[in-house]
Amino acid sequence: MRDAASARYARMRLALIALLVILAGLLVAILVFVGNLITPDEPSAETVERSGGLTWVRSIYGASASAEDQLRSPAHTAIDPDGTIWVTDSVMNRVLGFNPDGSFHGELIAGSPDGGEGVSMLQGPAGIAASEDGEIYVASNSTDLVIVFDGNGEVDRAFEVPSPIQIAVRDDRVFVTSAEGLFLFTPEGEEIARWSSRGIALDQVDMPNGAVIAEDGTLYITDTHNGQVKAFSPDGELEWAVPETSARAAALEGDGTPPTMGDAQASAGATATGESTGTAGADLASTLQLPVGMTIDGAGRLVFADAFAFAVYVVDTDEQSIVARYGDQGQTDGLFNYPTGIAYDADRDWFAVADTANGRVQIVRIPDSGGSPLAAVRSANVPWVVCAVPLVVLALAGVVAASRRRRTSVPEEGSVTEG
């Protein structure tokens, strides 16, 4: 009986030791993975000062170290639900995907329109967006198409849009900016509405490179050549613009009198909802030069890149004002050289910025952008928090093993020991 109990205890002890070893190995693997994923490398003190509070996480230069796999001119970025970072490389006519840790994920390939061996339907890829179900929408500017890839990276469908520039997707609407105006489609490509036209008036647009659909249905754009951020109602009526008057409009007005918000809203049949306010917002708005890619962060703020200002800006949509700016020109990590695209990952609370002239995508963080407790944990760069569960299990297993060892080492009452 005693031999059987001893054998059973020995087996249990071996099983516990094996469990402890496995848990320890898992813990180390999780620590390494999470640490590499969320802990930024240390930029120089000069970079930290010049970036104005922006935190650099990592830079992605290409699919591999070979020259042909390097990014040449990354234009826009999108992040799908699993965290994959998609990049349109306009010069190379390709769309590349990267995992959150920066490793290569894959390439989106589009064949010829007739399915043969002809020229690919993907030419001059510009804007890109990811839907909630993992579909990837790509604006093929040179072929007047929006191409939709399924979750497996295969072309599912395509629909025509004249000179598409950027795309935003939310629920059952696809918002496309174009050289000819603004368009709304269903996910299947059925046109719902189109409005605006190319020009300098407040209700017009000129090469809008940024697009966002907010949760309440408001449509936001960066009106790139007019140097403004604009908000439209779900029905396409102009609501506000920052700055209210673009420098370009003022310069091009024949009589020297710039158009006003009231003029634009009257022509669009809209009602004013407000105007940009705040001294800081006005000062920052005056520094806009070429606003391009735009996204919305976890706090509900608009964040966009300005290529000629070498920075990213933050817009408070309630105040209708630019409230912050981050970044500066340079080639070192954490600085930008003509950034054009930006996307936000709410799970990791970071931004993927297409740093075009530097030939890379930079993963960065900015203050106050998180929208969830998980994002806050990741933003704090504390891998140990993520490892709390295996640590607790490991500790409990140690307690159980110690308790069993103490019980077996104490003789039962009334037993006889031989000397």
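Student: What joins E10 to strand E11, and how do they run?

Tutor: Six bridges join E10 to E11 (residues 173-178), and the two run antiparallel. Strands (E, at least two residues) are DSSP runs, numbered from the N terminus. Arg170 stands opposite Arg173 in E11.

Student: On what basis are the values computed?

Tutor: This is a predicted model, in which local features need pLDDT of at least 70 and side-chain atom pairs count only at pLDDT 80 or more, while totals for chains, interfaces and linings use all residues. Residues are numbered from 1 along each chain as its sequence is written, and side-chain values use heavy atoms, with hydrogens and water left out.

Student: What makes E10 largely enclosed by the rest of the structure?

Tutor: Six of the seven residues of E10 (residues 164-170) are buried, so the strand is largely enclosed. Buried means under 20% relative accessible area, exposed over 50%, and partly exposed in between (1.4 Å probe, protein chains only).

Student: Why is the contact between Glu135 and Arg157 called a salt bridge?

Tutor: The term requires a side-chain nitrogen of Lys or Arg within 4 Å of a carboxyl oxygen of Asp or Glu. The N to O distance for Glu135 and Arg157 is 2.9 Å, so the pair qualifies. Glu135 lies in the loop between strand E6 (125-130) and strand E7 (136-140), and Arg157 in strand E9 (residues 155-160), so the pair ties together parts that are 22 residues apart in sequence.

Student: Why do Glu135 and Arg157 count as buried?

Tutor: Glu135 has a relative accessibility of 15% and Arg157 has a relative accessible area of 17%. Both values fall under the cut-off, so both residues are buried.

Student: Why is Thr295 called buried, and what does Thr295 touch?

Tutor: Thr295, in strand E18 (residues 291-296), has a relative accessible area of 10%, so Thr295 is buried. Not counting residues up to four places away in sequence, Thr295 touches several residues, including Arg301, Tyr344 and Phe351; contact means heavy atoms within 4.5 Å.

Conventions
Helix = DSSP H or I, 4+ residues; strand = E, 2+ residues; numbered from the N terminus. Pairing = 2+ DSSP bridges.
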